[in-house]
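Subject: Structure handover

Hi,

Here is the structure I promised you. Please open it first, then read my notes below with the model on screen.

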Amino acid sequence: MGTAERDGRPSEAPGPPAAASGDRAAPSPGLATALGFGAILLWSTLATLTALKGPAVPPFQTTAVTFAIGGLLLFAFAGLRGRWRALAPSLPAFALALYGLFAYHALYFAALRLAPPAEAGLISSLWALLTVLMSGLLPGHQLRWRHVIAGLIGLGAAALLVRDTGGGAGSDARLLGLALALACAFVWASYSVLSRLVAGMPSESLALPCLATAVLALGCNWLLEGWRGPIEATEWLALLLLGLGPVGAAFLLWDIGMKHGRIATLGVLAYASPIVSTLLLVLLGLASPTLSLAVACLMMVAAAAIAML
């Protein structure tokens, strides 16, 4: 996810590991770009669905349930295409995917349990800018001053949201939630950049890391949280939609977009995710349309525009 730069032109920055070259009936660039944008839209619902799920379901339990659903979805996708052999990842790809998927989502669900969803979602979305900054460490890529300026503006937006948290009851918990959201951004950005090293793996190979993430999260839930039950129907619905959408189908759609679509276009569109996410939260009454939130959104848009110049 995100964009990098090679020889002064936008080029692919890593997201979920790209599919191998053996895909059948590759879609047209326009269709692949549209599918990639579908992943961005699905990721825009992550904060809203997490907020609708409510704080009662612990973070590790949320991670376990949603990734079990997402992993089974990827298995079904591979089976319907007759690509069972594509399910086996290499050991480095498996370890990297487990790090990115488990650490990011466990931190993300914990952040949204403690902090307001709009603010936490915006801060976690700094992964896009951090990916651009970290991509300068890759061979053949060059970090430019506009990327540094964009990164500083993005961090300024995060600082504004943290400052607006203020004091009062529960402020320590909110600050911890925002700190976890920032950790999310670093985890996903580092995972994205490192995934360039295993970009040849087929997208179906994410099924096993997804299921391993579910098992690891279940163990952490048993040791640290305890299973919360029974889960109400609305919570199950939110968990199901999370597993099918932003934690499931989004990985496949993004992989297709990265492999066959217009990378630069998708890179620009990716920065729309935090804005769409924030607007969705406000429209559904899950976040208050505060001045600091609006300013932070504008700063994120400005940072994205500068980074893509």
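Start with the contacts across the chain. Take those between residues at least 6 apart in sequence: 88% of them join residues at least 24 apart. Keep in mind that this is a predicted model. The chain has 13 helices and two strands. Of its 309 residues, 52% count as buried.

**Two helices that pack**

Two numbers describe a pair of packed helices: the angle between their axes and the distance between those axes. Look at α2, residues 46-53, and α12. Their axes lie 8 Å apart, at an angle of about 35°. On the α2 side, the residues that meet α12 are Ala47, Thr48 and Ala51. On the α12 side, they are Ser277, Leu280 and Leu281. By class, this contact has four nonpolar residues, two polar ones and no charged ones.

Stay with α12, which covers residues 273-283. Which of its residues are buried? They are Ser273, Pro274, Ile275, Ser277, Thr278 and Leu281. An α-helix has 3.6 residues a turn, so residues three or four places apart point the same way. Just after α12 comes Gly285, with a positive phi of about 75°.

**Cavities**

Rolling a probe the size of a water molecule over the atoms shows where empty space is left. How many cavities of 30 Å³ or more are there? The count is five. The largest cavity holds about 220 Å³ of space. It is lined by 15 residues, and the closest to its centre are Trp43, Leu46, Tyr104, Trp127 and Ser273. Helices α4 (91-114), α5 (117-124) and α12 each supply at least two residues of this lining. The lining residues divide into nine nonpolar, six polar and no charged.

**Cysteines**

How many disulfides does the count give? It gives zero. Now check three cysteines for burial. The cut-off for buried is under 20% relative accessible area. Cys220 has 17% relative accessibility, so Cys220 counts as buried. Cys184 is at 0%, so Cys184 is buried too. Cys210 also has a relative accessible area of 0% and is therefore buried.

Cys220 sits in helix α9, residues 207-225. Leave aside its neighbours within four places in sequence, and Cys220 is in contact with Phe60, Phe102 and Glu225. Cys220 and Phe60 are 160 residues apart in sequence. In space, their C-alpha atoms are 6.4 Å apart.

Is Thr213 buried or exposed? Its relative accessibility is 0%, so Thr213 counts as buried. Which residues does Thr213 touch, not counting those up to four places away in sequence? They are Thr63, Phe67, Leu98, Leu101 and Phe102.

Pro58 lies in the loop between α2 and α3 (59-80). Pro58 has 6% relative accessibility, so it counts as buried. Beyond its neighbours within four places in sequence, Pro58 is in contact with Arg113, Asn221, Glu225, Gly226 and Arg228. Pro58 and Arg228 are 170 residues apart along the chain, yet 7.3 Å separates their C-alpha atoms.

Best wishes

Methods: Residues are numbered from 1 along each chain as its sequence is written. This is a predicted model: local features need pLDDT of at least 70, side-chain atom pairs count only at pLDDT 80 or more; totals for chains, interfaces and linings use all residues. Side-chain values use heavy atoms; hydrogens and water are left out. Buried means under 20% relative accessible area, exposed over 50%, partly exposed in between (1.4 Å probe, protein chains only). Helices (H or I, at least four residues) and strands (E, at least two) are DSSP runs, numbered from the N terminus. On a 1 Å grid over the protein atoms alone, a cavity is a set of points where a 1.4 Å probe fits but cannot get out, and a pocket is an open set with protein on both sides within 12 Å along at least five of seven lines; lining residues have an atom within 4 Å of a point. Grid points are joined across faces, edges and corners, and a volume is the space filled by probe spheres set on the points. Ala, Val, Leu, Ile, Met, Phe, Trp, Tyr, Cys and Pro count as nonpolar, Asp, Glu, Lys and Arg as charged, and the others, Gly among them, as polar. Contact means heavy atoms within 4.5 Å. A disulfide is a pair of cysteine sulfur atoms within 2.5 Å. Axes are lines fitted to C-alpha atoms, for helices over the stretch in contact, and angles run from 0 to 180 degrees between N-to-C directions.
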